[in-house]
Amino acid sequence: MQPMHRWILLLLLTGFPAAGRAEELLLELSCSSDAQCAQFERGRCVDMACICTARGSGEQVPCAPLEERLKLTNIIGGTCPCPMPNAVCHTRWEQCLCSEGYVPSEDRRRCLPQVVQLGGSCEFQQQCRLADRFSSCIGNQCLCLNNFELHDGHCLAALQSSCLEDKDCGSCGASICLTKTKRCGCSKSFVHNHNMTKCIKGSAYGETCEHSSPCKVNLGADGQCLDHQCVCRSTHYPKRVANKVAKDADDDHDDFNKLEQITCVPIVPYGALCRHDRECRMQSMEQENATASTGHPMVCKWGECSCSETHRLEDNKCVFVENAAAHYQLGGFVAFVCFQFTMILY
């Protein structure tokens, strides 16, 4: 390109402040694809310039050579190759991530099973709770909660009534005599009442309750009874999902015939590790129609949940920016026009 042509192109780019990228083009290396920015730490090509962002904050920082990341090779989120068991290399990001069905340990140096069955070795509560909502990680082992007993692979609620065989439990609404404690137990779709004298069905989101166990039946392990109402813990939010619980042949519980149910889903924090965009998406019942107009707040970038193009980071949360999508589209249009103009000058 002739020097005069370079000057004209630069003038065109800096003459469109709506694109919001002109100052970056003066500072960063030119590019035409993300592959040309792969040599930099968290580099990507935006409006024909390589820009780099800081891990965690997402703010733009000077691009650093990829070699500086080699010290992170032995942790999840570091550069490939990935020597850790059950870790894979994300080919586009050149980043170590845990395989499907595994999650990073607290020190991010190991990949642990996401779900651990009762009796198995655990490090997180969630590993046990995903297998059985009435279990917990106690002494690094998945065990049933107090007043629940392991029976045929499930943690079943136990009553105060003693028994020798199943028929001894009919008067209290239970159908099982638990073999270990010889106490009457509730079937897996029922739990004990507050004084453990009879079995009751689970309570749905917003229904009245006396203790948390009935809430957990439908909402999951992170449902709780707060002010006599079934809600989610502060670390979770209610989400409408497909009902995955099969109806037992001898179960008359109407809730198991429904196509949908409300469950408590973990709140995904900004910067959480991810493999796909769907792992960063939260959509509570109040927001079911909001994303159609505003888009999802977070997407998965470089193995972390980051703010999407239509949102910005405020107080560690991604907040929708009015007309941000239009500005982003305009920036792409300006880059396209400038590229076409460059071809004409040649």
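**A salt-bridge tour**

Select Arg-233 to begin: at 31% relative accessibility, this residue counts as partly exposed. Keep in mind as you click around that the model is predicted.

Arg-233 and Asp-222 form a salt bridge, with their closest N and O atoms 3.9 Å apart. The two sit 11 residues apart and link distant parts of the chain: Arg-233 is in the loop between strand S17 (229–232) and strand S18 (236–242), while Asp-222 is in the loop between helix H4 (213–219) and strand S16 (223–226). Is Asp-222 buried or exposed? Asp-222 is buried, with a relative accessible area of 6%.

Next stop: Glu-309 and Arg-44. Their side chains meet in a salt bridge, at 3.9 Å from N to O. Glu-309 belongs to the loop between strand S21 (304–307) and strand S22 (311–314), and Arg-44 to strand S1 (residues 43–46), so this pair ties together parts 265 residues apart in sequence. Both ends count as partly exposed: Glu-309 has 29% relative accessibility, and Arg-44 has 21%. Bring up Lys-301 as well, and you'll have a network of salt bridges linking Arg-44, Lys-301 and Glu-309.

Then jump to Arg-312 and Glu-314, a salt bridge with its closest N and O atoms 2.6 Å apart. Arg-312 is partly exposed at 43% relative accessible area, and Glu-314 is partly exposed too, at 31%.

Finally, zoom out. Of its 346 residues, 40% are buried.

Terms used. Residues are numbered from 1 along each chain as its sequence is written. This is a predicted model: local features need pLDDT of at least 70, side-chain atom pairs count only at pLDDT 80 or more; totals for chains, interfaces and linings use all residues. Side-chain values use heavy atoms; hydrogens and water are left out. Buried means under 20% relative accessible area, exposed over 50%, partly exposed in between (1.4 Å probe, protein chains only). A salt bridge is a side-chain nitrogen of Lys or Arg within 4 Å of a carboxyl oxygen of Asp or Glu. Helices (H or I, at least four residues) and strands (E, at least two) are DSSP runs, numbered from the N terminus.
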